[in-house]
Amino acid sequence: FPVTIKRGKGRILILLQVLPDEINNGYHNLGLEIVKSIDNKEVRSIKDLDKAILDSGEEIVQIELDNGVTIALNKTNLKKADERISKKFNISRLGRY
């Protein structure tokens with residue numbers, strides 16, 4: 001789950017927690033990390049994050065964190081993963097991928 005926090009005049013996007021699913025296997029231990037970019041495009045809000053993922057022409061979306069870790073997710077599987085995660089964790093709305 002990402003959250004936007006104001007820092008000075010700008011904003012930062014923080015990855016609070018990775019909910020376990022096969023799409024993000026290996027990233028479950030990440031949390032409280034600053035999201036730096038999506039496919040080398042700076043993101044500062046959840047709206048930026050959604051737009052960067054939807055506009056990405058890449059099959060693999062790369063989410064770069066401020067700590068140097070890069071999360072790689074297969075974009076074609078995001079919609080099905082959102083459905084699984086929302087059902088498993090009883091979340092009414094996730095991303096729009």
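Is Asp55 buried, partly exposed or exposed? In this predicted model, Asp55 is partly exposed at 43% relative accessibility (buried means under 20% relative accessible area, exposed over 50%, partly exposed in between, with a 1.4 Å probe and protein chains only). Residues are numbered from 1 along each chain as its sequence is written. Local features need pLDDT of at least 70 and side-chain atom pairs pLDDT 80 or more, totals for chains, interfaces and linings use all residues, and side-chain values use heavy atoms, with hydrogens and water left out.

The protein has 2 helices and 6 strands, in the order β-β-β-β-α-β-β-α along the sequence (DSSP runs numbered from the N terminus: helices H or I, at least four residues; strands E, at least two). Of its 97 residues, 36% are buried.

The whole structure holds 5 salt bridges (a side-chain nitrogen of Lys or Arg within 4 Å of a carboxyl oxygen of Asp or Glu). Asp55 pairs with Lys51, the closest N and O atoms lying 2.5 Å apart; both residues belong to helix α1 (residues 46-55), 4 residues apart, and are separated by about one helical turn.

Arg84 and Asp21 form another salt bridge, at 2.6 Å from N to O. This pair joins helix α2 (residues 78-88) to the loop between β2 and β3, across 63 residues. Asp21 is buried, at 11% relative accessible area, whereas Arg84 is partly exposed, at 33%. A salt-bridge network links Asp21, Glu22 and Arg84.

Glu64 and Lys36 also meet in a salt bridge (3.6 Å, N to O). Glu64 lies in strand β5 (residues 60-65) and Lys36 in strand β3, so the pair ties together parts 28 residues apart in sequence.
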